[in-house]
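Trainee: I have a new structure open and could use a hand finding my way around. Can we go through it together?

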Amino acid sequence: MTLGSASAIVGPMVKAIFPGSFDPPTYGHLNIVERARGIFEELLVVVAVNKQKSGLFAPEERLELLQTLLEPYKNVSVHLCDTLIVNFARSHGCRVLVRGVRSVPDFSYEFELSIMNKGLDPSIETIFMPTDPKYFVLRSSAIKELASFDGDLSAMVPPNVAAALRPKTTLWNASQAPSCQ
Ligand code: ADP
């Protein structure tokens with residue numbers, strides 16, 4: 001390693017990418033965005049389209065929710081990506097990939113992913129950001145479950161996400177017709 005290559009990453013004009021499923025976006029995601037946008041010149045928040053997994057929200061709906069939430073941030077933009085994340089990062093001039101971690105299991109998953117991405121493109125660095133303790137229990141899957149029981153989501157997701165979740169989970173509940181007497 002040379003000092004030259006390391007200092008290039010810590011320059012003033014570094015663009016970063018924050019990819020995820022965001023199904024749906026939570027305050028935990030927004031906290032990572034808020035902190036990362038203070039470090040990097042530009043932050044691209046990327047809804048990664050997973051062809052194996054159909055989410056509760058269509059990728060375009062997640063994109064729209066994030067666009068509404070992140071509209072006030074001038075150095076943040078929101079994108080959809082249906083290719084490899086490292087290819088997307090490279091083609092948009094991003095040298096850093098930001099990932100949030102909540103726990104040790106999260107870290108081992110994220111660590112393996114970062115090794116795989118490093119193998120695919122050694123020029124892109126993954127940076128892990130530990131969650132804010134306020135949000136460490138927040139995960140999209142638990143939020144969907146809570147929404148299906150009509151639980152209070154106000155500390156977990158912004159109002160536009162909570163409003164979008166209600167009709168989805170009502171439909172989901174109706175399709176799981178209760179079998180109790
Ligand atoms: P993925 O399916 O790619 O893990 P997610 O939407 O679940 O997508 O998460 C995107 C990124 O945000 C991941 O790095 C994840 O660890 C991070 N993240 C999710 N929830 C939180 C949270 N509450 N605090 C910090 N980071 C989080």
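Mentor: Let us begin with a term: a polar contact is a pair of N or O atoms within 3.5 Å, and within protein one of them must be able to donate a hydrogen and the other to accept it. Please also keep in mind that this is a predicted model.

Trainee: What else does histidine 79 touch, not counting residues up to four places away in sequence?

Mentor: Histidine 79 touches Leu44, Val45, Val46, Val47, Leu63 and Phe88. Of these, leucine 63 sits in helix α3, which covers residues 59–70, and leucine 63 in turn is in contact with Val47, Val78, His79 and Leu80 once its neighbours within four places in sequence are left aside.

Trainee: Is leucine 63 buried or exposed?

Mentor: Leucine 63 is buried, because its relative accessible area is 16% and the cut-off for buried is under 20%.

Trainee: Switching topic, how many salt bridges are there in the whole structure?

Mentor: A search finds 10 salt bridges. One of them pairs lysine 144 with aspartate 23, with the closest N and O atoms 3.0 Å apart. Lysine 144 is in helix α6 and aspartate 23 is in the loop between β1 and α2, so this pair ties together parts that lie 121 residues apart in sequence. Aspartate 23 and lysine 144 are also linked with Arg62 in a network of salt bridges.

Trainee: And what does glutamate 110 pair with?

Mentor: Glutamate 110 forms a salt bridge with arginine 99, where the closest N and O atoms are 2.7 Å apart. Glutamate 110 comes from helix α5 and arginine 99 from strand β4, so the pair ties together parts 11 residues apart in sequence. Both glutamate 110 and arginine 99 are buried.

Trainee: Now the ligand: what is the distance from one of its oxygen atoms to an N or O atom in the side chain of arginine 99?

Mentor: That distance is 3.1 Å, while an oxygen atom of the ligand is 2.5 Å from a polar backbone atom of glycine 100. Taken alone the ligand exposes 550 Å², and the protein buries 88% of that.

Trainee: Which residues are closest to the ligand?

Mentor: Of the 16 residues that surround the ligand, the closest are Ser21, Phe22, Gly100, Thr131 and Tyr135.

Conventions. Residues numbered from 1 in each chain as written. Predicted model: local features only at pLDDT ≥ 70, side-chain atom pairs only at ≥ 80, totals over all residues. Heavy atoms only, no water. Near = heavy atom within 4 Å. Areas by Shrake-Rupley, 256 points an atom, 1.4 Å probe, with all protein chains shown as cover. Contact = heavy atoms within 4.5 Å. Helix = DSSP H or I, 4+ residues; strand = E, 2+ residues; numbered from the N terminus. Buried < 20%, exposed > 50% of the residue type's maximum accessible area, 1.4 Å probe, protein only. Salt bridge = Lys/Arg side-chain N within 4 Å of Asp/Glu carboxyl O.
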